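Reader: I would like to learn how to read a few local features of a structure. Could we take them in turn, with the general idea before the case?

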Amino acid sequence: MNILMVGAEANPYVKVGGLGDVVYSLSKALAQQGESVAIVLPYYLSVKEKHHAKMTHVGEVFVHLSWRTHTAQLYQSQLDGITYYWVDLPYYFERPNIYGYHDEHERWAAFVHAIHWMLPVVGFQPDIIHLHDWPAGMLPVVIKTMDGRNAFYKNIKYVLTIHSPAFHGEFPPYLVEDFYNLPMSLYEEGPLRFRDQASTLKAAIEYTDHITTVSPTHAKELLTYEGSFGLNDLLYPIQHKLTGILNGIDTDEWDPLKDPHIPYPIREKTITEDKQKNKEALFKQLGLEHPEFPLLGLVSRLTFQKGIGLILDNIDHFVHLGAKFVILGSGEGELEHRLREYAYKYPKAVKFIQGYNNPLAHQIYASSDFFLMPSLFEPCGIAQMIAMRYGTLPIVRETGGLIDTVKGYAHFKEDATGFSFQHYTGDSLGWAMNQAIEIYSIKDKLTQLQRNAYQQKNDWKKASGLYLKVDKSHV
Ligand code: GLC
């Protein structure tokens, strides 16, 4: 099968969040199973600056958008059995960030048109176009409306994966005509209309043959109002087309036995001692004191979704009990500011490293005793799976994929792989953190739980097989 992945991020070139990991790892796993997989992405400034010398030019297409016409040069690169196609629209994508511009609707509309015209030019005829989230959600509408009977396009099937239901890709209705050259009836009569705006995510929901999301629990949450950010009304009637498939992690990159970024490999047999040695090294490197006390780690985008506020509510109390915190991430200014304040207040107990630093991320996963993930919502979550692979016990809120991957001590006792709590309050997180601190002082119990976590199998083999089953049921 020819499978084309379409999203805004894919490792190792472009990553803002977990989406970048998934688009890449899933593609790699499908390629390993013999499928022909391509990923198409905008040729972002950061990619152009770093990789241009290794790109092959494979053609050009014209993009007409309202009164503007752009020429998009097309490039190709090859990695891990995946073909990456790059759409060079400098006017829209030669910018420092991936998202967040005032002309967001226009940028992704241009990308969608370019993909439509690109496929015959580069000679990739997909059996499946697999869309990820909202950015290119209009692609099936554009292709089916304009080229639905054209032999090249007519047998393509579409799958949408919802990674985040919070972003609907809303845009003003008149742009249906202006940017997409589509009849306004598609808005007026319904399929593109969501809460009196046009929506690229709704478009994808209406026009794809199958919808998946990134965990079984989140598939159920998408049928509730709170869990779906209002998508439930759309998804409920078509729930037979909705499947929850748990993401995996890239077990080549995250390998506790062969990780080049950590000073001591972590073996199951000597797990507690190996982790402690890594922790001592990290404390030295960061200027923290007393590695005999528990270390709580966090590697995350600092956004409202991730429940950072609940952690802030607990820092004072747990620092007074002796706990240490290492936090790596960037995001909303207010959250960064408050974390910086705590780091300043407790220089020997709290470290906040703003930004992303891959070797340090590896060291935090390996060295922490506990990993904080009190998310408000979490369709899957990847960090908790990485943490467990290094024997680090996640402390999670019981939501989405966190329910499917972490067995909380309060429910599972000896079989637990971490700690969990239900209510989105600082007190509830504190309650779970207290359990963690208690276990920390009972060494055999700690070791038992670390081993349970370490043994979890969350690679991509199973997940990619399930995706293939979805794809094959449609072609
Ligand atoms: C989004 C979700 C996260 C998921 C990731 C990859 O970032 O918020 O839960 O793990 O996508 O699917």
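Author: Start with a residue in a loop. In this predicted model, Asp-196 sits in the loop between strand E9 (193–194) and strand E10 (197–199).

Reader: Is Asp-196 buried or exposed?

Author: The cut-off for exposed is over 50% relative accessible area. Asp-196 has 52% relative accessibility, so it counts as exposed.

Reader: Which other residue has a positive phi without being a glycine, and where is it found?

Author: Asp-133 has a positive phi of about 60° and is not a glycine. Asp-133 is found in the loop between E6 and helix H5 (139–147). Buried means under 20% relative accessible area. Asp-133 counts as buried because its relative accessibility is 8%.

Reader: Where is there a cis peptide bond?

Author: Look at omega for this one. Asn-11 and Pro-12 are joined by a cis peptide bond, with omega of about -10°. Pro-12 belongs to the loop between E1 and H1.

Reader: Next, helices. How many residues of helix H8 are buried?

Author: To read a helix, go through its residues and ask which are buried. In helix H8 (residues 200–207), seven of the eight residues are buried, so the helix is largely enclosed by the rest of the structure. The buried ones are Thr-200, Leu-201, Lys-202, Ala-203, Ala-204, Ile-205 and Tyr-207.

Reader: Which residue caps the N-terminal end of H8?

Author: Ser-199 does, with a side-chain oxygen 3.3 Å from the backbone nitrogen of Leu-201.

Reader: What is the length of H21?

Author: Compare the span with the number of residues. Helix H21 (residues 460–472) has 13 residues, and its first and last C-alpha atoms are 18 Å apart, close to the 18 Å expected at 1.5 Å a residue.

Reader: Which residues of H21 are buried, and why do they line one face?

Author: Trp-460, Ala-463, Ser-464, Tyr-467, Leu-468, Val-470 and Asp-471 are buried in H21. Seen down the helix axis, the buried residues of H21 fall within an arc of 160°, so they line one face of the helix. The face turned away from that buried side carries the exposed residues Lys-461, Lys-462 and Lys-469.

Reader: What covers the buried residues of H21?

Author: The cover includes strands E1 (2–6), E6 (128–132), E7 (157–162), E11 (210–213) and E12 (242–244), along with helix H1 (18–32).

Reader: Which residue caps the N-terminal end of H21?

Author: Asp-459 caps that end, where one of its side-chain oxygens lies 3.1 Å from the backbone nitrogen of Lys-461.

Reader: How do I read a pocket?

Author: Take its volume, then its lining. The second largest pocket holds about 240 Å³ of space. Of the 13 residues that line it, Gln-32, Thr-251, Asp-459, Trp-460 and Lys-461 are the closest to its centre. H1 and H21 each supply at least two residues of the lining of this pocket, and the largest share, four residues, comes from H1.

Reader: Where does Asn-458 lie, and what does it touch?

Author: For a loop residue, read place, burial and contacts together. Asn-458 lies in the loop between helix H20 (443–454) and H21. At 13% relative accessibility, Asn-458 counts as buried. Not counting residues up to four places away in sequence, Asn-458 touches Leu-246, Gly-248, Ile-249, Met-385 and Met-388.

Reader: Which residues does Thr-303 contact?

Author: Thr-303 is in the loop between strand E13 (295–302) and helix H13 (308–320). With a relative accessible area of 17%, Thr-303 is buried. Its contacts, leaving aside neighbours within four places in sequence, are Ile-308, Glu-332 and Leu-335.

Definitions and conventions. Residues numbered from 1 in each chain as written. Predicted model: local features only at pLDDT ≥ 70, side-chain atom pairs only at ≥ 80, totals over all residues. Heavy atoms only, no water. Expected span 1.5 Å × (residues − 1). Buried < 20%, exposed > 50% of the residue type's maximum accessible area, 1.4 Å probe, protein only. Arc of directions from axis to C-beta. Contact = heavy atoms within 4.5 Å. Polar contact = N/O pair within 3.5 Å; in protein donor to acceptor, adjacent residues only side chain to side chain. 1 Å grid on protein atoms, 1.4 Å probe; cavity = no way out; pocket = protein on both sides within 12 Å on 5 of 7 lines; lining within 4 Å. Points joined across faces, edges and corners; volume = space filled by probe spheres on them.
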